[in-house]
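Here is a short tour of one chain, written to be read alongside the coordinates.

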Amino acid sequence: MAAPVTRDEELELEIESLAYGGNGVARLDGYVVFVRRGLPGDRVRARVTKVKRSHAEALATDVLRAGPHRVEAPCIHFPACGGCRFQDLAYETQLEQKHSQVYDALQRLGGIAEPPLQEIVPCEPEIFHYRNKVEYSFTQTPEGPALGFHKAGRWDEVLNLEKCWLTTDVGNGVRDAVRDWAREEGLAPYSQTDNTGYLRHLVVREGRNTGQALIQLVTAPGEHFEPGYFVDVVRRFPQVRSVHWSINDRPAEVTNLPTKLLWGEEWIEEEIGGLRFRVRPNAFLQTNTAMAEKLYGLAAEAAGLTGSETVWDLYCGIGTIGLTLARSSLTVWGIEVSEESVACALENAEINGITNAAFFAGNVGQVVEELVERSGAPDVVVVDPPRAGLAGKALRHLGRLGAPRLVYVSCNPTTLAGDVKTLRGEYGYELLNVTPVDMFPHTPHVESVALLQQA
Ligand SMILES: C[S@@+](CC[C@H](N)C(=O)[O-])C[C@H]1O[C@@H](n2cnc3c(N)ncnc32)[C@H](O)[C@@H]1O
């Protein structure tokens, strides 16, 4: 059957809900239209941007009747900025929508008629200023170089930021100081279009519980600035403890690059759940420190440790979950693909005086069998994979291993649901409960902690 709409057609639509990823869901006689910038309860005029047999995509061009959940967005860059999608949606509604997205994913993709879903854990203590890491891109403006985020839906346009509501005064202040420095030094932002210019990115990471900040400047090749002066500029912020410089000689916009230490310690520290964690420029750290503590608390609760268990922490990053659990288990074994993160995890065990945790660099899909030989069969396996979930091999190995308890920390309910379906259908696991956690207000992201047990 042909789709009932055509590209560029203008439609009037009622938005029913938000789909995972953040687009509004509307229906035309059952045919689904995903509407960017449409919020639940809105009646909008929308232009169709893509048509498929199963659904269409559209962009809301006018709100004809605002839904009851719309609020005033505080940020002057909203909605042009690609960072926050839902500042104009009441926080309670954001929570309800995220909760139902996890429920729907488990039902539709996981094949579970009544998913055992707990209440969503709201973000606390603040729904703004929660990020401990921001990555700014340099851009050219009529006033000179500036720094900001990509415009919503645009990889090629960067918004000149005055204030970001997701970072702190330090994150905003360092950005402005570096912008002024770039203008003073007469340095040109890099342009991906013609591979010209010099300044590419600025990364600011903060230990929110320690008050320490790490700065990473990313440029194109060549030393076209005086490193000592750049250090002086960022050291005007007493929080700055570690200043790095990276060169990116490729067009791709990445910041996970080797770094040269310009000043200070190689790392900063963060404190989570009473433990100190060393964070180096390329190491993974959950970007909302306060909520990471809650997330790890839920993982610990799900693990249900008594002190005698062998625990695996797979996709362990800098060892945060494993070290949190080490206090109540016999041994912890962590696997992580980034060698820099593994180095941090080993240091973190040492600085916290934890002697029953070991961490290894490796790809989870490839090392499960080897790990069993070292550690013996685990009693509890905790996995915290990237958005793609447990890639085929990892899923098969873990399924066959069949640890009695599997705690799945997920940043993507759709891959969680798919993996849960396989673990239930093919490997005899039962899903006991899932708790959604809102770590990232105003964005479409939702975390979940799921507990699976061998039936
Ligand atoms: C969502 S993070 C979780 C990190 C950690 N559990 C935490 O809470 O900070 C996922 C981690 O998996 C790592 N990773 C990605 N693919 C991997 C793989 N195939 N094998 C091992 N680690 C991987 C990433 O480097 C990243 O540190």
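This is a predicted model: local features need pLDDT of at least 70, side-chain atom pairs count only at pLDDT 80 or more; totals for chains, interfaces and linings use all residues.

Residues are numbered from 1 along each chain as its sequence is written. Helices (H or I, at least four residues) and strands (E, at least two) are DSSP runs, numbered from the N terminus.

**Backbone details**

Let us begin with the peptide bonds and phi angles set out here.

| Site | Feature | Value |
|---|---|---|
| Phe78 and Pro79 | cis peptide bond | omega about 5° |
| Glu124 to Pro125 | cis peptide bond | omega near 0° |
| Asp29 | positive phi, not glycine | near 50° |
| Arg37 | positive phi, not glycine | about 70° |
| Gly402 | positive phi | about 60° |

Pro79 sits in the loop that runs between strand 6 (55–65) and helix 1 (91–108). Pro125 belongs to the loop between helix 1 and strand 7 (133–141).

Asp29 is in the loop between strand 3 (24–28) and strand 4 (31–36), while Arg37 is in the loop between strand 4 and strand 5 (43–51). Are these two residues buried or exposed? The scale used here counts other C-beta atoms, placed from the backbone, within 10 Å of a residue's own: 20 or more is buried, 12 or fewer is exposed, and anything in between is partly exposed. Asp29 is exposed because it has 5 other C-beta atoms within 10 Å. Arg37 counts as buried because it has 20 C-beta neighbours inside 10 Å.

**A helix pair**

Helix 2 (residues 169–185) and helix 3 (residues 227–234) pack at an angle of about 145°, and their axes are 9 Å apart. Here axes are lines fitted to C-alpha atoms, for helices over the stretch in contact, and angles run from 0 to 180 degrees between N-to-C directions. Which residues make the contact between helix 2 and helix 3? Helix 2 brings Val174, Ala177, Val178 and Trp181, and helix 3 brings Phe230, Val233 and Val234. Contact requires C-beta atoms, placed from the backbone, to lie within 7 Å.

In helix 8 (residues 392–401), the buried residues are Ala394, Leu395 and Leu398. Viewed down the axis of helix 8, these buried residues fall within an arc of 100°, so they line one face. The arc is taken over the directions from the helix axis to the C-beta atoms. An α-helix has 3.6 residues a turn, so residues three or four places apart point the same way. On the other side of helix 8, Gly392 and Arg400 are exposed. The cover over the buried residues of helix 8 includes helix 7 (364–375), strand 19 (380–383) and helix 9 (413–427).

Lys393 is also part of helix 8. Lys393 is partly exposed because it has 13 other C-beta atoms within 10 Å. The C-alpha atoms of Lys393 and Glu143 are separated by 52 Å, and the two residues are 250 residues apart along the chain.

**Around the ligand**

How many residues surround the ligand? There are 19, and the closest are Phe284, Tyr315, Gly317, Val337 and Asp384.

Terms used: Two residues are in contact if their C-beta atoms, placed from the backbone, lie within 7 Å. A residue is near a molecule or strand if its C-beta atom, placed from the backbone, lies within 6 Å of it.
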